[in-house]
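Dear colleague,

Please find below the structure that I am handing over to you.

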Amino acid sequence: MSLGKILWVDDEIESLQSQILFLENKGYDVNAMTNGFDAIDFVKDNFVDVVLLDETMPGITGLETLAKIKEMNQQVPVVLITKNETENLMNEAIGSQITDYLIKPVNPNQVLLSLKKIIDNKRLVAEKTNTAYQQQFRHLFMALNDNPNHNEWMDIYKKLVYWELEMKKSDSPEMMEILQSQKQEANTEFFKFISKNYASWLNPKTTDKPILSHTLFQSKLFPSIEKGVPTFFILLDNLRFDQWKSIQPIFAESFRILEEDTIYSILPTATQYSRNAIFAGMLPVDIEKQFPQQWKNDEDEGGKNLFEEDFFRAQLKRLKKENLKFSYTKVVNHQAGQDLVNNIHNLLGNDINIIVYNFVDMLSHARTEMEVLKELASDEVSYRSITASWFEHSPLHQALKKIADKKINLILGTDHGSVRVKTPCKVIGDKQTTTNLRYKHGRNLNYEPKEVLAYRDPREVGLPVPTVNSSFIFAKGDGFLCYPNNYNYYVNYYRNTFQHGGVSMEEMIVPVIRMTSKGSNL
């Protein structure tokens, strides 16, 4: 079997017969041409893995031939072979997207190495990725069965995300299936871990607990504040850790990443609860007590998170930090994003600038409702890709680039993540039962106990009691909660959509990233 189809173009091709024979003996299929015109015609009509192209030829030069080949096939790799090492030529060739270049006279091993690098690179990387994951698989398996604590769970999840991203290089459906199976097993164990430990984390007397939504600002924002240096806190809602990894390279162009950490979102992992807890610096049950007018339960009319700025101001007052000058900006549509771009410089005089950006949440909700987005984000890979593409072209990215040369601190956080749901779970409730697919509360809930995490007294986990005898249930792993009425319709409609509110690593273990502008000496 041929290792690859090579087109070698050189006006002195006769002198290269021994080299062509060498490559053919190594398993490559080589076609030889003496001029650029014939090479262009050949590429037009034939598949080629690599073009070896002489730079100096009569009639049409190597660079002119290169330009014509790229017009027809942008993807075909071209190796330029030249006697000329001048910087101008190299710049022009690299600008024309050559894959590699060799200086004459070339020896057979040089050519072979270049071909291996180009043709075999993907296969070699895939093999190495598969081997490395196979070695890591056992370590992860042992870690899962070694009763991990909250820090070790964050580490396990980060490693699983790392391998999920690495598997793009592997292109092996079998290995991806093994990884997905391991991730599913991890979520099963994670559910048991949360069921056993979550309530104790909300007890003020417990010392060994992670940073949670309501302690995020105390733990991450306030310690970062420096006199004379504005701190921007961006809450990009519904951002999973793997989505952060997809936009990290874009941030890294303008900012130095100082710390990549994770925290736990409180339950329910939904905006109304986790985000209000972040801004108030307290659990929902305490927000309801202290702000009875502003707190709204699921069944109440009106917006559920309209008072974030008020909650934050109250938290500053409670912590005796009222002297800090802050701004609060909420972006819920494109126009608000453009306003942020135009206004960003005016925020540099504040100690803290909070920017809540709702796009990712809108995307995930719209994805459920709109068939087009179902097609665009059919799985985790495409969901990450859409996130990266959106951020790169977003007003938020434009705004941050405008202040990247200023001395600033930047913290990126989120309120919760989301999980792609696949497994329907039947729930029966009365008319007061909430409609969320990943959590429900109400009286007289009937459910399969193994499928959910249930709290009969919501106060046990820092939640208000919306109605007397109301209990909360949370879906586990990739489950989603459906009523028996129109059961099959809802199952088919919502299966494979991204939802939040329940117990999974993807929803609960969320990124918080500390950065600084590259131009500063922080």
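**Findings**

Strands E1 (residues 4–9) and E2 (residues 28–33) run parallel to each other and are paired through six bridges. Please note that the model is a predicted one. Within this pairing, Gly4 has Tyr28 of E2 opposite it. Together with helix H1 (residues 17–25), the strands E1 and E2 form a β-α-β unit that is right-handed.

Leaving aside residues up to four places away in sequence, Gln19 is in contact with Trp8, Val106, Asn107, Pro108 and Val111.

Asn151 belongs to helix H6, which covers residues 150–170. With a relative accessibility of 45%, Asn151 is classed as partly exposed. Pro210 is 59 residues away from Asn151 along the chain, yet their C-alpha atoms are 7.4 Å apart.

Helix H9 (residues 241–254) comprises 14 residues, and the distance from its first C-alpha to its last is 20 Å, close to the expected 20 Å at 1.5 Å a residue. Because 10 of its 14 residues are buried, H9 is largely enclosed by the rest of the structure.

Yours sincerely

Conventions
Residues numbered from 1 in each chain as written. Predicted model: local features only at pLDDT ≥ 70, side-chain atom pairs only at ≥ 80, totals over all residues. Heavy atoms only, no water. Helix = DSSP H or I, 4+ residues; strand = E, 2+ residues; numbered from the N terminus. Buried < 20%, exposed > 50% of the residue type's maximum accessible area, 1.4 Å probe, protein only. Pairing = 2+ DSSP bridges. Right-handed = clockwise from strand over helix to strand, strands pointing away. Contact = heavy atoms within 4.5 Å. Expected span 1.5 Å × (residues − 1).
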